[in-house]
Amino acid sequence: MSQTAAGIIFIASLILAIALVHKPLGDYMARVYTGLRHNRVERLVYRLVGVRPDAEQRWGVYARSLLAFSLISILVVYGLQRLQDKLFLSLGFAPVPDHVAWNTAISFVTNTNWQAYSGESTMGHLVQMAGLAVQNFVSAAVGMAVAVALIRGFARRGSETVGNFWVDLVRGSLRILLPIAFVGALVLVAGGLVQNFTGPHEITTLTGGVQNLTGGPVAGQEAIKELGTNGGGFYNTNSSHPFENATTWTNWFEIFLILVIPFALPRAFGRMVGQLRQGYAIVAVMATLAVLSVVLLNVFELAGNATVPQAIGAAMEGKEVRFGASNSATFAAATTLTSTGAVNSFHDSFTPLGGMMTLLNMMLGEVAPGGVGAGLYGMLILAVITVFVAGLMVGRTPEYLGKRIGAREMKLASLYFLVTPVLVLTGTAVAMANEAGLAAMLNNGPHGFSEILYAFTSASNNNGSAFGGVTVNTPWYDVALGLCMVLGRFLPIIFVLALAGSLAAQKPVPASAGTLPTHRPQFVGLVVGVTIIVVALTFLPALALGPLAEGIH
Amino acid sequence: MERLPGWLRQHLAALRAVAVLTLILGALYPLAVTGVAQALFNGNANGSLIEKDGRTVGSSIIGQLFTDGDGNAIPRYFQSRPSAAGDGYDPLSTSASNLGPEDVVDTLATDGDEGRQSLLTLVCARSKAAGELEGVSGARPYCTSDGVGAVLKVFPDRAVSVNQACPAAPFVTVYQGLPVQCATPGEDYAAGRTVPVRGDAPAPAVPGDAVTASGSGLDPHVSVAYARLQAPRVAKERGLPLDQVLTLVGEHTTNRALGFMGQPAVNVLELNLALDGG
């Protein structure tokens, strides 16, 4: 069988698996977030934390709880890194330098998992487990909590509250992420991933050379890293490292873990608003964009249109033999369509147009299907913008799921959509205009520009993958990208929660003959169109200077 | 708690929440996974280590070098792919090259600067070397016969073969009526138009994975094509029949999982161990 045929079956099998799982998982998640009972472990947790789980929060309180939790998380992860030499399991590593520690703390708390460090030579096991892996869980749970709060905004009628942050956080972590990650980790160990607490140990190779084999609690971290769309590798080379992604089928399984929650959340949305077909419409938009992107990325990488891939005969630089070009391209699409940012091959060495697709995926705002939670709330905002655009066309006040999209709602939705382009484009512009910014390029010409653009796109969209040649462990980049990550995460979250609050307070208006139906293919097509147009208008000029200049001769 | 100001109460709750969740997710979770993993899949969980004569010689899923102290290939062993991890296959500094698909112009070495090879020249040089080792042609598209990237910088009155330092003979003498010169190290040719020249090389005899660095720098595999290319050399060095070596290659080939996942791949360390009778 040719690589292309195998690659098509690979994609089809992933689609099939996700189609099978998304209903039961989505229904389960809806039950988790709507259930009234707390289990014994959770009651103990709430008592230790000192919160009343049955107290409902207004959106402002919800947001402040979320921000407080994230701020404390940043401080704890920062502290663990700075003090690692004084704690246990440090493997003898020195304290992480302050600018790297700040960048990494923000990176993991914001679900970005951008890595300005090399895991195997910087982070001891304690930081990896108690700092980074914990944030892999809770930052994902925070994303889901925000999405659920927004869903409640649509589902509730004349309500002042949007839920309880602490309950959503704990349930998301313990009832959804933890069990799947536990099973996933064991599946990955069965495939060959390591899970131990040893440090590097020296061995003598077959020919008498010296090699230091590394250890660590890798599988457990790998599972939640993919499941929570985090993406921060235990090792520098992330999921291309055999200890993180040992076989061709662990590769399939890791892509499955990346996509499974984001594609199941629309089902939970449909359940919670009481109209499953609304969830199907959202998942159809996500799937349309995702399939388009996966196919294009595969086409570009398999065609290998650029000088060096032509000389090689295949785009194999930066790729593993066991994965090949096609499965590497599929992983790259999955990781950038979501906010994961894990890589099993190095995007910097992709063909110009293949690399552009990874950039474009992130520029879509990571909504197809996006990060856990973040993808759904991003997509719902796009749906709101679409009904507004459609409302303008026919001259009616737009509504979505019976809630009027008035001036306040549209302002919040527009602000949401302005945050990342402003961060990406100003960040890139500032970097291109000063020497500290320019010094980071590994490649020169348009490809060097792409490296910088990619870095700011990745940070601002909380993705975390990189055109890896860029040298970002400098104070300037650590600070600049840290700011992009923190603003790119929490400003949109505040706007979404504000929107949730204002929607929850509304009483739904009954649908009339003039109401735009939001569950039909027509609406799916409209949302896809609006998404692509908004993104193209915003980013085409920047893409023209980078990958398009490089790829089109 | 209740009497404290709201913002402080929230941050105290946040601090406790981080502590409790760290205990569950940062301590109990990895311990539980480790416990079960060690009980069920002990070998995998500890790194798939391989022993020979009672001594650990590596991990079956981490590639290693089969070169002598000077970095030259040991001919009786199958060779791994090029690696960008440290000095090659170093798990303490895993890395890809991260060089771009249009990285075609070298910085030539001068007295004060050791220069930099472009990805294209790296590919061409590796292809030439592998061709010489295996006794086949190392020619590739966009490569000169002396193993650098065939790239011109075109100016109005001349063209320069930028990767060929003088006094090398340029790979073509004339380009669209313009004379082609060799490149003077240290001279700035940035203003010229970059033209990679494909040339007339046939389909390369040396497979793509033999001339590229992997993503991890630890790739334990080579393609079936590259293993088959190396087999005659290894058979000759070891005085074994070629069929026997090819049979071993087949035995150490991992096919696509379920018939469609990934690409067929040959595990180099296991293959070499089998040849050594380990």
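Colleague: Where in chain B does UniProt place the feature "transmembrane region"?

Modeller: The UniProt record, an unreviewed entry, puts that feature at residues 12-32 of chain B. Keep in mind that we're looking at a predicted model. In this model the span is 100% helix and 0% strand.

Colleague: And how many Å apart are the end C-alpha atoms of residues 12-32 of chain B?

Modeller: They lie 29 Å apart.

Colleague: Okay, let's stay in chain B. How do I read a sheet?

Modeller: Here's the general idea: strands of a sheet pair through backbone hydrogen bonds, and the pairing is either parallel or antiparallel. Now for our case. Chain B has an open sheet of five strands, in the order 5-6-4-3-7, and its pairing is mixed.

Colleague: Which strands are the edge strands?

Modeller: Strand 5 (174-175) and strand 7 (193-196) of chain B, and each of them pairs on one side only.

Colleague: Can you walk me through one pair? In which sense do strand 4 and strand 6 of chain B pair?

Modeller: Strand 4, residues 159-165 of chain B, and strand 6, residues 178-183 of chain B, run in the parallel sense and share four bridges. To find the spot on screen, look for B:A165, which has B:A183 of strand 6 opposite it.

Colleague: What volume does the second largest cavity have?

Modeller: About 80 Å³. This second largest cavity is lined by 14 residues; A:L91, A:E120, A:H125, A:G215 and A:F234 are the closest to its centre. Two helices of chain A to look for are helix 5 (119-122) and helix 6 (125-155), each of which supplies at least two lining residues.

Colleague: And how do the residues of that lining divide by class?

Modeller: Seven are polar, six nonpolar and one charged.

Key:
Residues numbered from 1 in each chain as written. Chains lettered and ligands numbered in written order. Predicted model: local features only at pLDDT ≥ 70, side-chain atom pairs only at ≥ 80, totals over all residues. Heavy atoms only, no water. 1 Å grid on protein atoms, 1.4 Å probe; cavity = no way out; pocket = protein on both sides within 12 Å on 5 of 7 lines; lining within 4 Å. Points joined across faces, edges and corners; volume = space filled by probe spheres on them. Nonpolar A, V, L, I, M, F, W, Y, C, P; charged D, E, K, R; others polar. Pairing = 2+ DSSP bridges. UniProt positions renumbered as here; feature names shortened; annotations may be inferred.
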